[in-house]
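This report looks at how chains meet in the model shown below. Two interfaces are taken in turn.

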Amino acid sequence: VSIAAESTGLPLAEARRRRMRELMELLYPWCRSLTGPGVRDTLDAIATEVPLEVVATPSGTDVFDWVVPNEWTPRGARLTDASGNVLADLADHTLHLVSYSVPFEGRLTRDELAPHVHTLPEHPTWIPYRTSYYNADWGFCLPHERWEAAGDGPFDVVVDTRLEPGHLVHGELVIPGRSEEEVLVSAHVCHPSLVNDNLTGIVVAVELARALAAAPRRYTYRFVFAPGTIGSLVWLSHHRDGWHRVRHGLVLTGLGGGGPLVYKRTRRGDRPVDAAAWHVVRRRGGTVRDYSPWGYDERQYNALGFDLSVGRLTRTPHGEYPEYHTSADNLGFVTDDELAEAFDALVEVLDVLEGDAVYANMSPFGEPQLGKRGLYPSVGGKAAGDAVMAMLWSMALSDGDTGLLAIAERADLPFAAVRHAADQLAAAGLLRELDTTLGAGSDG
Amino acid sequence: VSIAAESTGLPLAEARRRRMRELMELLYPWCRSLTGPGVRDTLDAIATEVPLEVVATPSGTDVFDWVVPNEWTPRGARLTDASGNVLADLADHTLHLVSYSVPFEGRLTRDELAPHVHTLPEHPTWIPYRTSYYNADWGFCLPHERWEAAGDGPFDVVVDTRLEPGHLVHGELVIPGRSEEEVLVSAHVCHPSLVNDNLTGIVVAVELARALAAAPRRYTYRFVFAPGTIGSLVWLSHHRDGWHRVRHGLVLTGLGGGGPLVYKRTRRGDRPVDAAAWHVVRRRGGTVRDYSPWGYDERQYNALGFDLSVGRLTRTPHGEYPEYHTSADNLGFVTDDELAEAFDALVEVLDVLEGDAVYANMSPFGEPQLGKRGLYPSVGGKAAGDAVMAMLWSMALSDGDTGLLAIAERADLPFAAVRHAADQLAAAGLLRELDTTLGAGSDG
Amino acid sequence: VSIAAESTGLPLAEARRRRMRELMELLYPWCRSLTGPGVRDTLDAIATEVPLEVVATPSGTDVFDWVVPNEWTPRGARLTDASGNVLADLADHTLHLVSYSVPFEGRLTRDELAPHVHTLPEHPTWIPYRTSYYNADWGFCLPHERWEAAGDGPFDVVVDTRLEPGHLVHGELVIPGRSEEEVLVSAHVCHPSLVNDNLTGIVVAVELARALAAAPRRYTYRFVFAPGTIGSLVWLSHHRDGWHRVRHGLVLTGLGGGGPLVYKRTRRGDRPVDAAAWHVVRRRGGTVRDYSPWGYDERQYNALGFDLSVGRLTRTPHGEYPEYHTSADNLGFVTDDELAEAFDALVEVLDVLEGDAVYANMSPFGEPQLGKRGLYPSVGGKAAGDAVMAMLWSMALSDGDTGLLAIAERADLPFAAVRHAADQLAAAGLLRELDTTLGAGSDG
């Protein structure tokens, strides 16, 4: 029985849509960053949905080529013009303050202030999202039209933040399967009030964890909720003896915001997860792209030293829609239908990874007489339907080397149809499953 | 000297067109099926053209996963309405009776009769073709408009058939060549009054056998005329020690009926016959398709246990033209030009299989001076013609590994031109044929 | 530092354009052929520009399948009609006399003369170019309209040529590099007053030699200026122990005359020079073609016995423009811009061959923190530029097996950007160059 069959019924699906929306609404206003209260609160909220383990790593810890930074606590930030009008206030929108801004207080001329102000001239009413993680600086992001109208100053600046030794936190959730081999699902949790990037990834991952926990599978599933780059590296550094168990993986983000599904291949590009996602995403009208070392945490998982088979699922990728990293990436930018389809596609991908297998044809001398086994229509002379074709293809190609996904691709049939045909033929003694585990065998 | 050169002269071609038409006209009215008098008479008719051996296999014989069925003898069948009007009579058209109908006699209401009546609402004047080989049932096929006008009944049904132990017959013809390696040409003989599917395959195969018998070649040619599926499996079961000698093969059917030539690849898709047919069919404006386990006896030959390199040549394939398996597939549906071109294309494919060879360049240090051997135009400065280009390509690529067909493909020249160039260069001592037998070597 | 950086500055480029034009103007009127004073004078002229060594090989010398022909000295040739009008005079245009014409003097009727007259009916004012190297004959080439108007004769013919034992000359120039492995640059020198084919190849090769001599490189560069076919074979015959040192090569000709750059692949098609030229030429809007054994001296270098990796750079190839091998291929048919771009492209190709290398990622566990090394923009949240992308791609793919050109292709970045990124990363200790020499390693 497939994950899809168990998780996509209508009442289940309705409840899932509602929960995803509510969790996005809860998380939206919080000021997440690499560290600090926003990301702590976010992990706590996830932990009320699924049994998340939260791991804290001290500032200053060496993490491969990186060092865990000081913890950043934004307590308030305000920019006021000469007349006392508030141009930007952290309390109004988390994007107003450049992430990881250092504390500052003072009165500046317009020229002095300008290098600390970020706007989007081409979208004069939107607030951009900017960070200064590894360069000690402060800044404000505000609508371009507001900055244009702000007069000559002087301006009063208050940036009330703390940057002190503390911890970087990430969350982890393991759902054991029959095998120790793992499927990694990773979502970043470091973006403040931005919905498509990254709340969509978080809420779909939470629902996927919930569905899998209800019925454990062949693979062990490991969910990682971590701040981008440094967070995934922290997770990897905690699992130096474990990362080789990850057979397949997916980074989730940007699952709303318009456009068809887009799968980004692993660096190697020929991994089982690439084949599975190609099969599923293309049949849903989506597209597949080659790997690039720009993007989200797939950059770290695919780095040469780790070499994990981790792809990425989004809709229109980062940087290709104008709302990206602006205040226009809000709760109205993502629809429930988009998240529901993304969930369904993910489940189909996992069903391929779980269900792909190699069979041997036990009746290889010509086609078997399906009719005497009740597997063939009784009146001849008409075209065969998908069910018969799936059986014929499975018999024709099950040479002990070709898996069901490869058969489905060559037959241009959905994986589920071929999977079902193999079950019928195996029950009739015409196919026999071999030990070869396709998902695991690709590194042999 | 090629098969093409010997068999495509005008008087020969005219006689061939006439014979093919006459044989189709003779065979058209007969009630062929998997077994019975129709297929016996058909094989006898072929045997008057070429020295066919007819093989009879008793009902009940185990044939791999199948069993030879009882022999079916249709003696008469008639469906009459309440007024005594004849709605369908086997004597009028062989398609009226569902093939392998069991005996039945009785008076039925319209509701009782309906499950036994097959029509084509979308083509109300055509009779469909239906079979019930492996399900004991009876039925009539008739024009939809006639069934619609037939009133409420009652209807009188007479199905006077016998289904008794007997034999399944198939025909075989072997034309020995210099080598024991074989080329298989297979046509099914089980369809009643349908011309494109399958009389075209029969008559083209007969003419090919005639042409090859006149001048035996390198390969041994084996022609099989057998009922579909069970018939080809019977032939294979009689040759358990011999099928491995089949190096190349072609199933022939549907060679008229409109559309360009269509070659269907072997299951493996990279066999010499695939390359030869790709070369020939594409140059004639035809197309090539990948293997699928739906179709004719290529399904059996390509099954994993036999793994024979058997492709298929048709025009528009089965199921893709409305006349398929209906009374509209009649003598007017196929033209003599179509059959003549199919014959020519087949002969070209066989010439490639016969003539492909690997040569070594005996003068590899630069181009040889063709001019001093009378092989080059004497006035320079103009473009080279095909004959010179075929020689230059043959010298450039004859590295002891690359065959003439591969050279022709890379040079985008007809195989015959490269074959001729190799003969000239070998005569001049510039090329030497190697022992490597391309047609046979692909399984090494 | 790249060849491009050193050779494409504005003053250098201006001087180069001027020199190329002047050399073409000097060489244009001379009557070159396989042998004789025209080719001797041409090599002498080249030798005044760069330190060319001229090699003379006696007539009658065996050269692989060929023999060095007698030396041809055209002293005069004139065709006069019955009224004393001169129809063709070698002194007016070198194309008037068929190259390698044997001596002849006599009065002929129009019918007797006709087989010796070559015209272009489709371009009635142009003189064609014809040769009769290996067939003892004589002939005149003239504008079709002049021949049509020439009356019935008789005609007076004077062909004052000598064909006597002498020498075939070719020129050679070696610029030693750090390695004994060679890059071959070859241009033919046997065409009379034709500019695109072949003066463009000569003058661009001369300028390339000048630029390389100013700053020797990793490879040893070998320039060959030789008559077509027999001349390149003579050069090869003098280097029986040396031709295996040629790692990469390019034949140059037809670098003007309109159209984008066209690179013709080596026979094998997958050599480093093919990859380098594909990278450069495509980015300049040019095209790449597969090998064919028709063309220039790449036919000899790529012959099976030599198997040298020699491609060819032209614009619109021979035979595809109407001016080809006619008097319309004159000094106005080629622009300085065309030659300048061809030079730049060549230098880029050589920079790829010189600079391609394999690196190992020394910080493979995740991306390195480029920011702390000053290699990353300090404000985050925006798209990465080419410089950052080139670094990320170089780190992502430097697995000890993938070279910089392959990285540039996958990244869709100019080779120079990736080469620069590798230098930066190597300086920061993040990449280490391996011993693997890509350009040399392809034959291992």
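## Chain C against chain A

Eight residue pairs are in polar contact between chain C and chain A, both residues of each pair being at pLDDT 80 or more. On the side of chain C that touches chain A, helix α11 (residues 386–397) of chain C gives the most, with six residues. That side of chain C holds 13 nonpolar, eight polar and six charged residues. The model is predicted.

The contact joins 27 residues of chain C to 27 residues of chain A. The two chains bury about 2200 Å² between them. Carbon and sulfur atoms account for 56% of that area.

## Salt bridges between chains C and A

Three salt bridges cross the interface of chain C and chain A. In one salt bridge, the side chain of E367(C) meets that of R299(A), at 2.4 Å from N to O.

## Chain B against chain C

Here 27 residues come from chain B and 26 residues from chain C. The buried area is about 2200 Å². Carbon and sulfur atoms give 56% of it.

Three salt bridges are found across the interface of chain B and chain C. R299(C) and E367(B) meet through their side chains in a salt bridge, 2.4 Å from N to O. Between chain B and chain C, eight residue pairs are in polar contact, both residues at pLDDT 80 or more. Helix α11 (residues 386–397) of chain B supplies six residues, the largest share of the side of chain B that touches chain C. By class, that side of chain B has 13 nonpolar, eight polar and six charged residues.

How values were computed. Residues numbered from 1 in each chain as written. Chains lettered and ligands numbered in written order. Predicted model: local features only at pLDDT ≥ 70, side-chain atom pairs only at ≥ 80, totals over all residues. Heavy atoms only, no water. Contact = heavy atoms within 4.5 Å. Buried area = accessible area lost by both parts, 1.4 Å probe. Salt bridge = Lys/Arg side-chain N within 4 Å of Asp/Glu carboxyl O. Polar contact = N/O pair within 3.5 Å; in protein donor to acceptor, adjacent residues only side chain to side chain. Helix = DSSP H or I, 4+ residues; strand = E, 2+ residues; numbered from the N terminus. Nonpolar A, V, L, I, M, F, W, Y, C, P; charged D, E, K, R; others polar.
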